[in-house]
Amino acid sequence: MVPDIGRGSRTHGLLVYLYGPGKREEHTDAHLVGSWDGFAPDPGRDTSADPDPKVTLARLTAALDLRVKQAGDRAPAKHVWHCSVRTAPGDRRLSDEEWNAVAQRIVHATGIAPGGDPDGCRWIAVRHAEDHIHIVATLVRGDLRNPRLNYDFNKAQATCRRIEKEMGLRRLNAGDGTAAKNPTSAEKFKAERTGRPETARETLREAVRQALAGADDEKEFFTRLHEAGLRVKMRHAPSGDALGYNVALPGDRNRHGEPVWYPGSKLAPDLSLPKIRLRLADGTAERTTPSTADGRPDWSQPARERRSATGIVERAAVLLDSDDDEAAPQLVGVGELLDAVAQTSPAATRAALGAAARAFERATRSHVRAEHADTRAIRTAARGIIQAGSALGRGEDGGTTAMLLSTLVLVALAAARWHSARGHAQQAHASRQAAEHLRAAYRQAATTPIRVLNDQGRALPEAQRRTYEATLRTVLPEQGVRVDGMPTKTDALVATLAHVEQAGHDPEALLRQAIDMRELGTAENVNDVLVWRLRRVAQLPAHPDEANRPQARTSEPKASANRTSNRTAPTTADRPTADPRNRSPRR
């Protein structure tokens, strides 16, 4: 059951809409289900006094506005309180009597008309559809004072959660007051009327988030807003210091022809200027472009940045798995990274990644505060991805995108567990939604590189394949990876082990290292996760072509102790610190 509260100044105009046909003829059988005294005139069904519903509607307006007129200048400018209450899809149909009880409980809880108070505000509840009602009240009490409506939305939400339980309705996730404001009905109708796919509020929120992703300072943030085509208006103190900012979409105007401005704090609680300044306080770390003199492949900049971000995200996942409140800032950093990846991703994955970033936005905010908030590493990764520009959907760019997305799926699931442990139902649900969108994007990005690896794995000599399969059986028995009778194909993982050995590493030792990075229990495909971990730690190409095809052995491999690498060996900087609590058990 979802309440949505707004305020206005035209009682008659709102009633005309509620009793009218609606925007698309969706209003049917509009009638009262409740009122302040139970005897309010009903334009929908009351024909005893006057057969003309317009006359009855005028009488209802006059009755609701009586105290407003009596109060005169003391009445608030926006004296109309409007709350729509809607049941969730799949809920049973409530009777008029049940809806009346719902309305009475909400006006009592919010302070509109407390039970037993003869001076409570006048209100009505109109029903014109099966799944919702509209509560309309005028904000002047019988003693001509204004009602106290502090936290009316939170109180209505809490009441709806209790009603859901008592009436056997679908129980929605309880909020904690940190969610972004939903678009109003007027904003939704305007978007539909003007042909926009979403409201201006939602478009601006996403644009501001993307401008903030990896920004080094306040100046760069506002420069990005202007470059995105937004109108920006600053609010200054008498001293000249900036206090806040407003943004508007070009061409979005009100009925007076003025731009429709949105303060950052009204887009989302963490997008106010003071909150943004706190986030930017640590800045970002200096980045150095890796040279190729040490033997590393000369990957494109988008590929390098995605590969680097993968290792940083792995460390964020380890912190979230530790179930420590100090991990809270990492969620903000992951949100910025998702915004960065979404706006620089190839067309094939852009929609799914945009949906993942929008869903995870809710998971970045809670009341948990860390004493030592350090997000510089992950914000630097986001900055690097933005500066590298759009990635291609093929070759090494596509492979490293799949590598990063594989890790981001596990991070989103770790965030869901972290929030669930603290009772953050909405944030946990948002994290799981983000994980599903990331999985969809991953499947698209990984199709080609995994197919190439599968082909290379199947092309290996039989004896060499059996050696690697035996390694998998030794190291991964508890993960359910089977190579004979296979519910899970291991060709790509076998090819990667061959690449690892060809690069001079011990396949079994590096495989154990990849497993020890963090848990694998939440992985949808353990093989794929290990493929990307191995390829990142061993600095192998994420998208091997024919030039990178693993070679057949010409002799038996030397013992692991005597094996040397012709490449830079993986160091602790290439992998997150393993948390003993999250280490996969070995047999």
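Does Glu-524 count as buried or exposed, and at what relative accessibility? At 55% relative accessibility, Glu-524 counts as exposed, where exposed means over 50% relative accessible area, buried under 20%, and partly exposed in between (1.4 Å probe, protein chains only). Please keep in mind that this is a predicted model, in which local features need pLDDT of at least 70, side-chain atom pairs count only at pLDDT 80 or more, and totals for chains, interfaces and linings use all residues. Residues are numbered from 1 along each chain as its sequence is written, and side-chain values use heavy atoms, leaving out hydrogens and water.

**Confidence**
- The chain has a mean pLDDT (the predictor's confidence in each residue, from 0 to 100) of 86, and 87% of its residues reach 70 or more.
- Residues 482-487 have pLDDT below 50, and this stretch makes eight contacts (heavy atoms within 4.5 Å) beyond near neighbours in sequence.
- Residues 557-587 also fall below 50, with 70 such contacts in the model.

- Leaving aside neighbours within four places in sequence, Leu-530 touches Leu-476, Leu-493, Leu-511, Ala-514, Ile-515 and Leu-520.

**Helix α6**
- In α6, 10 of 13 residues are buried, among them Leu-204, Val-208 and Leu-212.
- Just after α6, Gly-214 takes a positive phi of about 75°.

**Salt bridges**
- The structure holds 37 salt bridges (a side-chain nitrogen of Lys or Arg within 4 Å of a carboxyl oxygen of Asp or Glu).
- Arg-201 pairs with Glu-187, with the closest N and O atoms 2.9 Å apart; because Arg-201 lies in α6 and Glu-187 in α5 (residues 185-194), the pair ties together parts 14 residues apart in sequence.
- Arg-383 in α13 and Glu-220 in α7 are 163 residues apart, yet their side chains meet in a salt bridge (2.6 Å, N to O), and both residues are buried.
- Arg-443 meets Glu-524 at 3.2 Å, N to O, and Arg-443 is partly exposed, with a relative accessible area of 42%.
- A network of salt bridges links Asp-270, Arg-279, Glu-336, Glu-361, Arg-365 and Arg-379.

How values were computed
Helix = DSSP H or I, 4+ residues; strand = E, 2+ residues; numbered from the N terminus.
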